[in-house]
Amino acid sequence: MTVTKSDTKELKNYINGQWVASSGSDTLEVPNPATGELLARVPISNKKDLDGAVKAANTAFQSWKNVPVPKRARVMYKFHYLLTENHEELARLIVQENGKAYKEAYGEIQRGIECVEFAAGAPTHLMGETLSNIAEEIDSEMFRYPLGVVGGITPFNFPMMVPLWMFPLAIVCGNTFVLKPSERTPILANRLGELLTEAGIPDGVFNIVHGAHDVVNGLLEHPDIKAISFVGSQPVAKYVYEQAAKEGKRVQALSGAKNHHVVMPDADMEKAVQNIISSTFGSAGQRCMACSAVVVVGDNDPFVDALRKKADELTIGNGMDEEVLLTPIIREAHRQKVLGYIEKGVDEGADLIRDGRREMADMKDGNFLGPTIFDHVTPDMTIAKEEIFAPVLSLLRAEDLDGGLEYLRKSRFGNGATLYTKDAAAVRKFREEADAGMLGINIGVPATMAFFPFSGWKDSFYGDLHVNGKDGINFYTRKKMITSRFEY
């Protein structure tokens, strides 16, 4: 399904096992961020389209919920096989519509496959609990049941992994699913629909509705949608949480981030620089686990010099080129917003020690921005407080680890943080006091595997149960308790 300039077409929604044209007439172009080449047009569907998908999902739920759990899991085994067989094709699709480097896209596919592996363990995950003789001749049992129709709203930056955080687990738990993928990266979502169909999913169990605000609001308001899973920017995540909760829905809304990496004087500086460069500038900084702020502890100008030198050596370009790390920003409109942040950083007094704007003149075809580094950033500056979602790094200075931990406490986000050190006492202090949900020690991207929850804190998450792991099982099921007395 590789879409080329000569094969440009309008994408369709996937409803009740059929590819259906949107009833609306509006579309958006889907360009390759590296070249500007038109890949496809995505429909901006309306609530009529969504209602059709929800109706199909609700009808399918009546039978799907009664399908034996091992049989549901077998669909995911087949889906897993098909994802593995098409690994390279899926990675190329991500590079084309998202722009990230092929190596990173390939890794994203693997992370998505791991989510399907976890979901395929449904017979074990969905086991209940029993206890005999809770009182005289009385036993108690707990069983898990699906919720019904679940909605998923996913972002552009991980068009493979994030949807696979959601629908495989929801479906094996007995729910049916309506996916609203990002209108910026819709091609990969449709390919997933094709592969899931090939894996044997019954009609109506999985549906895709492309669109924007109308589809999102429709999901939040529809009475037959029982739960919403969302990943996106902080303002939208808060809105999704508030609106869906007001409608009585279960919600998990993953939000923005400002991830701090604290570099201690005893750290392996070469490895710290490499990890930070990869974390900050990989995927063009467009990921919620990217390093966006480094706390330099002590007088460590050699580290700063090494970081800037390494940034100068980065290869910038199309993600299909093997040597490229830094790829384009998803859209020109977002690049312009990022340029505004750079100007704001200069105006507020930060020291721009590496200006990524200098590469823009030489790369006219795509939405490129070179690695950008500010030094001597203070916590009150805009670039220190807000998520920029771009290859822009802020360096803050601290006298000791306590000073670094204070920066984390002041941040309204709490997704991830990393400490670079060889000191076990510092590691323990960081583990106990760092105000974030996912911590790394000498690791650039401390993202969790599918069998653990992706556990952001503060304004990085709205809800109670996170995606993945046992939290994911609990989110997509409800418990029923049975207390019984049988005399003999």
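Modeller: Two strands count as paired when DSSP finds at least two bridges between them. Strands (E, at least two residues) and helices (H or I, at least four) are DSSP runs, numbered from the N terminus. The model is predicted, so local features need pLDDT of at least 70 and side-chain atom pairs count only at pLDDT 80 or more, while totals for chains, interfaces and linings use all residues. Residues are numbered from 1 along each chain as its sequence is written, and side-chain values use heavy atoms, with hydrogens and water left out.

Start with the three-stranded sheet. It is open, ordered β5-β6-β22, with antiparallel pairing. β5 (129–135) and β22 (477–485) are its edge strands, each pairing on one side only. From one strand to the next the twist averages 25°; such angles run from 0 to 180 degrees between N-to-C directions, and axes are lines fitted to C-alpha atoms, for helices over the stretch in contact. β6 (residues 138–146) and β22 run antiparallel and are joined by nine bridges. P146 has T477 of β22 as its bridge partner.

The loop between β5 and β6 holds E137. Its phi is positive, about 60°, although E137 is not a glycine. Most residues other than glycine have a negative phi. E137 counts as partly exposed because its relative accessibility is 30% (buried is under 20% relative accessible area, exposed over 50%, partly exposed in between, with a 1.4 Å probe and protein chains only).

A284 also has a positive phi, near 55°, and is a residue other than glycine. A284 lies in the loop between α10 (269–281) and β13 (291–297). A284 counts as buried because its relative accessibility is 0%.

At the β19 end, four bridges join β18 (residues 416–420) to β19, and the two run parallel. L419 is opposite I441 of β19.

Now the helix pairs. Two packed helices are described by the angle between their axes and the distance between the axes. α2 (residues 69–85) and α6 (residues 161–172) cross at roughly 150°, and their axes come within 8 Å. That makes the two roughly antiparallel (under 35 degrees is roughly parallel, over 145 roughly antiparallel, 65 to 115 roughly perpendicular, the rest oblique). From α2 the contact takes R72, A73, M76, F79 and L83; from α6 it takes L164, F167, P168, I171 and V172. By class, that is nine nonpolar, no polar and one charged residues (Ala, Val, Leu, Ile, Met, Phe, Trp, Tyr, Cys and Pro are nonpolar; Asp, Glu, Lys and Arg are charged; the others, Gly among them, are polar).

α2 also packs against α7 (residues 187–198), with axes 8 Å apart and an angle of about 130°. This pair is therefore oblique. V75, M76, K78, F79, L82 and L83 of α2 meet L192, L195, L196 and E198 of α7. The classes here are eight nonpolar, no polar and two charged.

Next, α8 (residues 213–221). Its buried residues are V215, V216, N217, G218, L219 and L220. Their cover includes α1 (47–64), β7 (149–153), β8 (176–180), β10 (225–231) and α9 (234–246).

Last, P43, in strand β4 (residues 38–43). P43 counts as buried because its relative accessibility is 0%. Beyond its neighbours within four places in sequence, P43 contacts E10, L11, N13, S22, D26, T27, H210 and G211. I388 is 345 residues from P43 along the chain, and their C-alpha atoms are separated by 28 Å.

Definitions and conventions:
Contact = heavy atoms within 4.5 Å.
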